[in-house]
Amino acid sequence: MCGITGYTGLNQAGPILLEGLRRLEYRGYDSAGIAIQSERKADADGSESAGSSIKMLKATGKVSHLVEKFEAEPDFKGVCGIGHTRWATHGVPSDTNAHPHLSADGKFAVVHNGIIENFAEIREELQKYGIEFKSETDTEVIVQLLAYNYKGNFKKALMKTIARLTGSYAIGVISDEHPGTIFAAKQASPLIIGIGIGENYFASDITALVSNTKNVIDLDDGEVAEITPDEVKVFDHTGKEIEKPIRHINWDIASAEKSGYDHFMLKEIMEQPQALKATIEPRIKDEEIIFEELNIDMKKFNRVHITACGSAYHAGCVGRGIIESLCKIPVEAEVASELRYRDPVMDEKTLVIVISQSGETADTIAAMKECKYKGATVLAIVNVVGSSIAKLADYCLYTWAGPEIAVATTKGYTTQVVLLAMFAVWAAGELKTISHGAYTTMVKDIMRLPERAQRALDLNSRVKKMADKYNDNQSLFFIGRNMDYAVALEGSLKLKEISYLHSEAYAAGELKHGTIALIEPGRLVVALCCYEKLLDKTISNIQQVKARGARVLAVAHEGNRSIFAEADDVLSVPVTDPLLVPVIEIIPLQLFAYYVALKNGCDIDKPKNLAKSVTVE
Ligand code: AGP
């Protein structure tokens, strides 16, 4: 949940680290800090000054606070350093708990993303040796243990240290005695190394590095890297040097910039037509869906289980409906945090689909491991290339949506839904549960989604007006049936996570079983009415809430005139196949959440208490 970065080269490390942290801030933003190996000052007699060369700056709050501190410290200079932006797990957000953490002798500094599960035991042991701890964090044990293990060989001490750690970590370490050298290590948290010319980097992800280099090495679990300005050496868990391939990133810096938009979220909402194209077009040839990555015999499976968290789970709820409807195979969808502890019944005849934008979500990783252990085949739908979930799965389909920076997912979700729909159509073709005509019609409808998404985006100014009209509601409901209900779940989450308004999604038919007691005059109900097979039923539910004084904002298909007589306001979206409705219907709801949050003065890209990639349980 934190972002880490490091630089070693000939340039001043401070500004490079701060720029990297600014780009990584979406991963956590309650405090930040940097440590550098400063240039040692010579004493009058020409000898080096005593004391450590490592200098640190930390600030509670956003990276901008750290930048202010840095600007007030003109002497904070050095060409090698590490940085961190935090999402607190152990200890409150404070300067003391902010990373980097320093060993008691001041000779080592560490930044860490992950959780050290056995930190209490290690801390107790080190305290017995008289080592004093300053922070409440789990991270501090890494650096104290490293200093304790150090007998002149940095790499040996680090390998010995990480061998004691259980849990997850991506770490970067500098030492007072090894100018220009950074060691990095990884276990179950993301870490990449950026390759430059006469300078090298590491970071939690490529967004921190893409303005400096597009050549990266993906560090794998258990590996350690020694990074100097001219060289990167990678070692396996035994300490043996290994060859690692260099991966070239093919997206440019604009992908990690707001490009004129006020927020990444709005930029990413607007990018959806292109993102959908990137997901769809390379996989369709002559009206046929081709998954070169999939060498699966679908006939082997007698059921499908979908698991994910948050919005990815909501995409899974849509996927459940599409796969079941087209493939005639039982499908379940379940949040990963429940599945992982439920001892689910599954075997080698089960196909598990895990969905994750980041590919690093801890609960999703744990659930997929549990499913693999039970013999299931795992297919991952992931956006971030080379992420843990992509690597752990038996098969992986990338959404190719490009980097998503805003904490609230938008293009991540719609590309997941469309990829699930493509998988369902492909699988139905393999299983022969769909006629050739129906297959071709679905493929054509999928190909039209980018253009329909663009038309849904044309509602932008009308949605803004709706947000102005309805943003006074402190508590609201999203209702729908079938596909519309799946969209209600996502629309409600979008609104609550960025605007902090209370909202609930209900299967429209469930309202009368209790929740309708909360409907009172003026309460806003957002009614999703695009799943036309059940439109009459949803309209009855609209009438029930209207009869109790609710105001209704409906999302319906263009050309649906009847809804105007029922709802106070209507947002009309392009007509699409009932199974593909969510891709289009969610767009006005994303915009609605955005404009309500804007109106309420919320920090849209970095909502309170959240982080983009949830790598802790
Ligand atoms: C969505 O807006 C949220 N930020 C969150 O629910 C997210 O979808 C969830 O944490 C799963 O993340 P993942 O797709 O990276 O696994």
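Where does Asn482 lie? I looked it up in this predicted model. Asn482 sits in the loop between β23 (475-480) and α15 (483-499).

**Asn482, continued.** I checked its backbone next. Phi of Asn482 is near 55°. That is a positive value in a residue other than glycine. I then looked at the accessibility of Asn482. Its relative accessible area is 41%, so Asn482 is partly exposed.

**Asp286.** I found a positive phi here too, near 50°, and Asp286 is likewise a residue other than glycine. Asp286 belongs to the loop between β16 (284-285) and β17. Is Asp286 buried or exposed? I read a relative accessible area of 79% for Asp286, so it is exposed.

**A charged patch.** I followed Asp286 to a negative surface patch. Glu288 lies in strand β17, which covers residues 288-289. Glu288 counts as partly exposed because its relative accessibility is 43%.

**His314.** I turned to a helix. His314 is part of α8, residues 310-327. Its relative accessibility is 9%; buried means under 20%, so His314 counts as buried. Which residues does His314 touch, leaving aside those up to four places away in sequence? I noted Tyr413, Leu489, Glu490 and Leu493.

**Pro100.** I ended with a peptide bond. The bond from His99 to Pro100 is cis. Its omega is near 0°. I placed Pro100 in the loop between β4 (80-86) and β5 (101-102).

Conventions. Residues numbered from 1 in each chain as written. Predicted model: local features only at pLDDT ≥ 70, side-chain atom pairs only at ≥ 80, totals over all residues. Heavy atoms only, no water. Patch = residues over 30% accessible without salt bridge, like charges linked within 9 Å, V, L, I, M, F, W, Y side chains within 5 Å. Areas by Shrake-Rupley, 256 points an atom, 1.4 Å probe, with all protein chains shown as cover. Salt bridge = Lys/Arg side-chain N within 4 Å of Asp/Glu carboxyl O. Lys, Arg positive; Asp, Glu negative; His and termini not counted. Charge placed at Lys NZ, Arg CZ, Asp CG, Glu CD. Helix = DSSP H or I, 4+ residues; strand = E, 2+ residues; numbered from the N terminus. Buried < 20%, exposed > 50% of the residue type's maximum accessible area, 1.4 Å probe, protein only. Contact = heavy atoms within 4.5 Å.
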